[in-house]
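Let's go looking for salt bridges. Have the sequence and the 3D view ready, and follow along.

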Amino acid sequence: MKWEERPLNLTHAQLGQEYTITGIVTDDDELDSFLFTLGCYSGQSVTVVSQLRDNYVISVKDGRYSINRDLAEAISI
């Protein structure tokens, strides 16, 4: 697969820019369920508010959440 064909995830997001989630890419049902409880699912808007090392603060719906790199990589934009 070429780089251009890979879906972008939250680790590629610019701070403060709003993106639309295109999907959750994981084989882990527990991880998928957890992200769904945060409001992370296809069609939902998400913004990366800040990023420090491997931690990302995201804004989804009316909440802000701190997630690690593994979670950020699972959220396609």
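## What counts

A salt bridge here is a side-chain nitrogen of Lys or Arg within 4 Å of a carboxyl oxygen of Asp or Glu. Go by that rule and you get two salt bridges.

This is a predicted model, where local features need pLDDT of at least 70, side-chain atom pairs count only at pLDDT 80 or more, and totals for chains, interfaces and linings use all residues. Residues are numbered from 1 along each chain as its sequence is written, and side-chain values use heavy atoms, with hydrogens and water left out.

## The bridge between distant parts

Start with Arg69 and Asp54, whose side chains meet in a salt bridge at 4.0 Å, N to O. This pair links distant parts of the chain, 15 residues apart: Arg69 sits in helix α2 (residues 69–74), while Asp54 is in the loop between β3 (45–52) and β4 (55–60). Helices (H or I, at least four residues) and strands (E, at least two) are DSSP runs, numbered from the N terminus.

## The bridge inside the helix

Arg69 also forms a salt bridge with Glu73, at 3.2 Å, N to O. These two are four residues apart in helix α2, so about one helical turn separates them. Together, bridges with shared partners tie Asp54, Arg69 and Glu73 into one network.

## Buried or exposed?

Buried means under 20% relative accessible area, exposed over 50%, and partly exposed in between (1.4 Å probe, protein chains only). Arg69 is partly exposed at 32%, Asp54 is partly exposed at 45%, and Glu73 is partly exposed at 36%.
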